[in-house]
Protein chains: 4
Amino acid sequence: MTVWGENVHEREEEPVRALYPDGMHAAIAAGLTALLGERVSVRTATLDEPEHGLTDSVLAQTDVLTWWGHTAHDRVDDAVVDRVQAAVLGGVGLLALHSAHYSKIFQRLLGTSCSLRWRNDGERELVWTVDPGHPIAAGVPHPIVIDAHEMYGEHFDIPAPDELVFVSSFAGGEVFRGVCGFRRGAGRIFYFSPGDQDYPIYHHPDVRRVIANAALCAAQAPSAPRSVPDSPESPVGWFA
Amino acid sequence: MTVWGENVHEREEEPVRALYPDGMHAAIAAGLTALLGERVSVRTATLDEPEHGLTDSVLAQTDVLTWWGHTAHDRVDDAVVDRVQAAVLGGVGLLALHSAHYSKIFQRLLGTSCSLRWRNDGERELVWTVDPGHPIAAGVPHPIVIDAHEMYGEHFDIPAPDELVFVSSFAGGEVFRGVCGFRRGAGRIFYFSPGDQDYPIYHHPDVRRVIANAALCAAQAPSAPRSVPDSPESPVGWFA
Amino acid sequence: MTVWGENVHEREEEPVRALYPDGMHAAIAAGLTALLGERVSVRTATLDEPEHGLTDSVLAQTDVLTWWGHTAHDRVDDAVVDRVQAAVLGGVGLLALHSAHYSKIFQRLLGTSCSLRWRNDGERELVWTVDPGHPIAAGVPHPIVIDAHEMYGEHFDIPAPDELVFVSSFAGGEVFRGVCGFRRGAGRIFYFSPGDQDYPIYHHPDVRRVIANAALCAAQAPSAPRSVPDSPESPVGWFA
Amino acid sequence: MTVWGENVHEREEEPVRALYPDGMHAAIAAGLTALLGERVSVRTATLDEPEHGLTDSVLAQTDVLTWWGHTAHDRVDDAVVDRVQAAVLGGVGLLALHSAHYSKIFQRLLGTSCSLRWRNDGERELVWTVDPGHPIAAGVPHPIVIDAHEMYGEHFDIPAPDELVFVSSFAGGEVFRGVCGFRRGAGRIFYFSPGDQDYPIYHHPDVRRVIANAALCAAQAPSAPRSVPDSPESPVGWFA
């Protein structure tokens with residue numbers, strides 16, 4: 001698993017650095033390691049590394065990629081976006097976290113604007129399970145209570161998800177399809193809305209559990225990444 | 001269009017009768033007539049009529065059937081449920097309203113328990129559009145505000161809907177997939193959660209609009225109801 | 001895993017007995033054991049056993065139930081159907097095989113007639129993968145070639161499946177959504193069309209692979225079967 | 001309605017010109033006009049016009065856009081693709097015809113490679129209805145028989161469609177999810193596979209009927225195209 005972080009807020013804003021001294025990516029990676037243990041091998045990559053740390057070699061060794069970005073979406077190189085898109089279509093799982101709704105890779109894979117309503121007032125978010133049989137919901141309370149968080153509200157301009165697992169409500173009354181899944185090519189994509197940089201969300205035990213569940217789930221596609229298929233001319237009986 | 005009402009609360013409970021002196025079915029029918037006018041012909045039917053007012057002849061003239069029941073689900077005859085199920089599979093639209101989530105016909109068509117959480121505290125419900133391009137959402141505000149209503153909350157044990165149009169939140173924090181659509185056979189089914197008998201919901205202009213939109217939408221299946229298909233043995237080239 | 005078989009054709013028809021001397025259920029169970037080995041424990045149950053072999057105790061120990069029936073659908077006791085439905089909604093996986101499209105339990109869970117076209121001419125069936133990233137498709141060729149089989153053709157009157165994995169074509173030109181998945185309650189249901197009693201389909205290595213893959217997939221719901229949920233009244237803040 | 005055609009094969013290849021002397025777009029437009037009559041106003045636009053004939057003004061007057069392209073996908077200007085994407089997300093319907101599976105706009109909206117298998121042998125295609133209640137299937141035979149056409153076969157690398165209406169089989173045995181629908185933003189998108197330039201497909205009465213049905217269906221989104229939504233900051237109670 002590769003945990004990708006933009007790693008800008010954490011370096012530039014003291015309150016964020018206080019919450020995540022090693023970066024949000026480090027906290028996410030620590031959660032995965034703590035909950036999944038020896039079942040997985042977790043690495044991190046950030047925007048400032050060459051090729052944003054997402055070389056062909058790294059992607060070839062990646063089963064699941066988590067993505068956190070916000071203020072620097074535009075600084076992600078289109079060539080890297082092409083490469084990640086091809087990897088996902090070939091079977092690599094993708095977890096788009098919080099403000100990654102506006103990342104190039106998420107918009108590219110979904111085809112819509114991915115816009116939403118928002119308000120950063122530190123209000124209570126309740127995350128309700130609407131699909132209790134889904135493996136992402138295993139071992140989490142109903143609802144998950146997040147005492148203070150940024151509001152993300154409908155309308156969320158995404159395609160109808162292939163799987164809707166959690167829906168959030170906020171103290172101000174809004175709702176949000178906060179955890180939903182998409183299949184694109186051979187890859188599984190999950191969007192997971194909790195995780196604003198101003199709150200210690202990635203230290204929340206239930207949030208960590210959902211992310212770990214989603215990572216395992218997204219990794220269940222065939223392990224060997226495939227290349228994106230071309231369109232082969234196929235003479236009659238080619239399969240015989 | 002045929003508006004079916006159980007018509008028990010309205011006769012037995014004074015507060016409900018005050019809200020709906022002619023029955024909830026009459027209020028629902030009035031809303032359809034007011035908004036759709038000459039485009040539709042609306043009749044009503046109730047539990048106490050012979051065959052609950054849903055004879056073969058009535059169903060044969062029905063494009064859309066709305067269903068409200070609560071305290072007398074068990075008194076609906078299984079033979080009538082069979083008949084309505086066949087009609088829906090053959091193309092008749094069905095609008096299941098509020099406590100119809102536990103009606104025999106809704107459970108029969110969906111195959112799940114259709115259970116949910118509830119609390120009758122007269123709290124504010126906000127109904128949020130999650131699919132603004134859907135014709136059911138045309139002309140309604142975002143959100144619809146219902147000042148006082150019974151809470152229906154997740155988990156709602158239904159199959160993943162084919163179309164999710166509105167999601168409600170309640171003052172107490174719960175969420176509910178309150179307006180969703182299902183296709184079964186040639187018929188379209190919409191579940192619409194607002195409408196407890198203790199509140200004047202069916203006089204609310206936005207609720208009336210959504211019900212009218214849904215009725216039109218459910219009637220868009222081929223107009224001539226078909227019989228439920230059998231399984232014909234089909235010799236090679238039967239279609240030539 | 002519990003493999004349920006009607007076990008009528010195999011006892012009454014010599015050609016079927018020649019293909020499946022111990023019954024089709026035994027062949028299906030042997031395939032599961034051969035491919036999944038120690039990961040699973042497989043038992044069988046048949047129509048003629050008390051309670052059709054599907055007692056509360058058996059279901060409580062079952063993660064996945066496979067179902068083959070054809071000529072004796074009507075002899076399945078409604079009380080057993082109720083029990084299996086509750087088990088599936090509570091998380092037990094169900095694999096409905098071939099003519100189980102007309103079984104009481106499949107119709108109950110789906111709510112539609114489940115009718116289809118058919119022709120028993122022993123013609124070639126090709127089973128094409130339309131979702132190559134799905135775990136059910138792992139390790140099977142594209143297409144699976146079945147030299148001789150009964151034709152099942154559209155229109156197949158099922159709800160739009162939550163997952164469509166394979167689509168078959170037949171020498172006579174028909175197509176069929178032959179392998180598809182449904183989620184109902186906490187349970188996963190897969191329909192798998194190959195498997196007429198007149199052909200040695202359950203000895204076909206690719207068919208055995210798909211069934212084994214589907215069984216694993218359907219067992220991924222939470223391992224502890226839950227009871228079907230009721231509708232609890234929930235005072236404000238019940239979750240706090 | 002605006003019928004867009006690449007209009008290259010028709011000008012450069014004599015056999016195609018013989019089938020479509022005024023271009024394929026003219027034949028498609030003629031079919032729409034013949035079947036829908038005064039209900040619609042149909043215009044055409046082609047690659048060689050300024051801005052490919054798809055100016056802001058034209059799109060603002062368009063409810064449904066049909067798209068046929070093949071050999072010149074790369075010559076479509078990215079700025080026009082951006083504009084059409086925005087229009088679709090804002091509510092304009094899109095019909096992607098045949099080889100438009102590889103058009104920039106279709107790939108942009110779906111996010112996948114949209115690859116498929118193909119073979120141009122002039123073989124029989126049968127188009128089977130799998131959703132007979134869908135308005136696109138109204139008035140067409142089951143199956144539609146196309147005597148000679150190019151084969152398009154699975155795997156078709158698209159997201160799972162929101163609506164699957166027809167599935168084709170070919171004489172060589174392949175299958176294809178040939179008519180399927182997607183919702184993106186407020187817009188409805190239908191892919192319709194028949195229509196290779198080497199065959200008189202757009203003169204086929206059933207094909208014309210399906211295209212007319214799909215055009216009406218895609219136009220049912222709210223008539224006034226909306227702009228693509230941004231992500232508004234929304235103070236508590238903004239909706240009151």
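The model is predicted, so local features need pLDDT of at least 70 and side-chain atom pairs count only at pLDDT 80 or more, while totals for chains, interfaces and linings use all residues. Residues are numbered from 1 along each chain as its sequence is written, chains are lettered from A and ligands numbered from 1 in the order in which they are written, and side-chain values use heavy atoms, with hydrogens and water left out.

**Chain A as a whole**

Let us begin with the fold. Chain A holds seven helices and nine strands, taken as DSSP runs (H or I of at least four residues for helices, E of at least two for strands) and numbered from the N terminus. Its radius of gyration is 18 Å, which agrees with the value near 18 Å for a compact globule of 240 residues; the radius is taken over C-alpha atoms, and the globule rule is 2.2 Å times the number of residues to the power 0.38. The C-alpha trace of chain A spans about 60 × 40 × 35 Å along its principal axes.

Of the 240 residues of chain A, 63% are buried (under 20% relative accessible area; exposed is over 50%, partly exposed in between, with a 1.4 Å probe and protein chains only). Contacts are heavy atoms within 4.5 Å. Among those in chain A between residues at least 6 apart in sequence, 71% join residues at least 24 apart.

**Where chains A and D meet**

The contact takes 37 residues from chain A and 37 residues from chain D. The two chains bury about 2,800 Å² between them, 51% of it on carbon and sulfur atoms; this is the accessible area (1.4 Å probe) lost on being put together, summed over both parts. On the chain A side, Arg117(A), Trp118(A) and Ser231(A) lose the most area to chain D, together 19% of what that side buries.

**Backbone details**

| Site | Feature | Value |
|---|---|---|
| Glu154(C) to His155(C) | cis peptide bond | omega near 15° |
| Glu154(D) to His155(D) | cis peptide bond | omega near 15° |
| His98(B) | positive phi | near 50° |
| Glu51(C) | positive phi | near 55° |

His155(C) sits in the loop between strand S6 (144–153) and strand S7 (163–170) of chain C. His98(B) lies in the loop between strand S4 (93–97) and helix H6 (104–110) of chain B, and is buried at 0% relative accessibility. Glu51(C), in the loop between strand S2 (43–46) and helix H4 (56–60) of chain C, is partly exposed at 42%.
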